[in-house]
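The following questions and answers concern one protein structure. Please consult the sequence and the model while reading.

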Amino acid sequence: MPEGDTVFRTGRTVERALAGRRLVRGEFRHPALATVDLSGRDVFGVRTVGKHLFTRFSGDLSLHSHLRMDGSWQVYPAGARWRLPAHHARVVLATAEVQAVGFRLHDLRLLPTGDEATLVGHLGPDLLDPDWSDDDHGSRATAALAAQPSRELGLALLDQRIMAGVGNLYKVEICFLLGVSPWTPVSEVEPARVVTLARKLLLANAWRHHQSTTGELARGRRNWVYERSRQGCFRCGGRVLVRTQGSGVQGRPTWFCPRCQPGPSPAA
């Protein structure tokens with residue numbers, strides 16, 4: 001599932017293409033919205049909250065979308081050929097100059113702009129909120145994280161009710177940078193430091209295509225342990241292990257370096 005910075009960047013791309021313009025085409029290829037036509041509406045902007053996008057239109061109307069595992073928004077010049085097959089398109093928003101196409105979007109919903117909170121009000125502070133305040137957003141995320149001291153840190157990081165935006169890549173890399181196993185209880189880390197580090201990493205990658213937690217952008221040098229089972233730990237060169245954290249559909253492959261990240265871990 002895309003990380004919060006990917007969703008943020010997607011939102012900014014769609015906003016640059018459509019905001020301040022009027023739609024000449026606004027069609028849905030989605031059973032629940034197939035009869036809706038948004039042509040003639042002005043696009044006011046795009047708001048992202050964690051992994052959720054809201055495209056706002058005139059008439060107090062918002063389109064909610066969630067990328068899930070394979071969804072995407074792509075922008076093309078008017079009349080240009082799409083890179084993905086047309087049967088994967090779920091929504092087409094076009095002005096006289098550009099078109100924004102939502103592919104493989106499983107969650108689409110139209111609602112009054114004033115009701116957006118009904119879909120995201122349960123989430124914790126958005127790590128990429130432009131109005132972020134350490135005293136407000138940071139303190140709330142810190143308190144929510146500290147409220148479950150016995151929970152595995154890796155699982156807590158993925159809980160969007162604590163702070164919104166962290167996905168599996170950042171979960172793995174945050175634990176590495178903290179020097180602890182992802183199975184370490186929250187009580188053994190400093191919650192405020194966790195929140196600060198999570199926001200720092202997402203901010204660093206919010207405007208670039210390739211995500212990097214090491215500060216390097218060359219292929220194979222962007223992450224410390226994430227998906228490095230073959231290459232080894234980027235810091236010490238030691239073996240990187242991967243285990244599943246979480247159960248059922250919530251289980252995620254979790255990479256870690258036993259040498260750099262002491263603490264509990266499941267057996268092979």
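Q: In which loop does Arg-21 lie?
A: This is a predicted model, in which local features need pLDDT of at least 70 and side-chain atom pairs count only at pLDDT 80 or more, whereas totals for chains, interfaces and linings use all residues. Residues are numbered from 1 along each chain as its sequence is written, and side-chain values use heavy atoms, with hydrogens and water left out. Helices (DSSP runs of H or I, at least four residues) and strands (runs of E, at least two) are numbered from the N terminus. On that basis, Arg-21 is placed in the loop between α1 (4-18) and β1 (25-28).

Q: Is Arg-21 buried or exposed, or does it fall in between?
A: Buried means under 20% relative accessible area and exposed over 50%, with partly exposed in between (1.4 Å probe, protein chains only). The relative accessible area of Arg-21 is 31%, so the residue is partly exposed.

Q: Which backbone oxygen does the side chain of Arg-21 reach?
A: Contact means heavy atoms within 4.5 Å. Leaving aside residues up to four places away in sequence, Arg-21 touches Arg-16, Arg-41, Asp-42, Val-43, Thr-95 and Glu-97. Arg-41 is 20 residues away in sequence, with 8.6 Å between the two C-alpha atoms. The side chain of Arg-21 reaches, at 2.6 Å, the backbone oxygen of Ala-17.

Q: Why is strand β3 (residues 52-57) largely enclosed by the rest of the structure?
A: Strand β3 is joined by six bridges to the antiparallel strand β2 (residues 43-49), and by six bridges to β4 (residues 61-66), also antiparallel to β3. Two strands pair if DSSP finds at least two bridges between them. Strand β3 is largely enclosed because the number of its six residues that are buried is five.

Q: Which residue in the turn between β3 and β4 has a positive phi?
A: The β2–β3 hairpin has two residues between its strands, and Gly-50 in that turn has a positive phi of about 60°. Across this pair, Gly-45 has Arg-56 as its bridge partner in β3. The β3–β4 hairpin has three residues between its strands, and the turn residue with a positive phi, about 85°, is Gly-59.

Q: How far from Arg-222 is the nearest side chain of opposite charge?
A: Arg-222 belongs to the loop between α6 (191-205) and β9 (241-245). Lys and Arg count as positive and Asp and Glu as negative, with His and the chain ends not counted; a salt bridge is a side-chain nitrogen of Lys or Arg within 4 Å of a carboxyl oxygen of Asp or Glu. A polar atom of the Arg-222 side chain lies 2.9 Å from the backbone oxygen of Leu-217. Arg-222 is buried yet has no salt bridge, and the nearest side chain of opposite charge, Glu-227, is at 9.0 Å.

Q: Which residue follows α5 and has a positive phi?
A: Ten of the eleven residues of helix α5 (residues 168-178) are buried, including Tyr-170, Lys-171, Glu-173 and Phe-176. The buried residues of this helix pack against α1, α4 (153-158), α6, β9 and β10 (252-256). After α5 comes a residue with a positive phi, near 75°: Gly-179.

Q: What percentage of the residues of the protein chain count as buried?
A: The protein chain contains six helices and ten strands. The C-alpha trace spans about 60 × 40 × 35 Å along its principal axes. Of the 268 residues, the buried share is 52%.

How values were computed:
A polar contact is a pair of N or O atoms within 3.5 Å; within protein, one must be able to donate a hydrogen and the other to accept it, and residues adjacent in sequence count only if both atoms are side-chain atoms.
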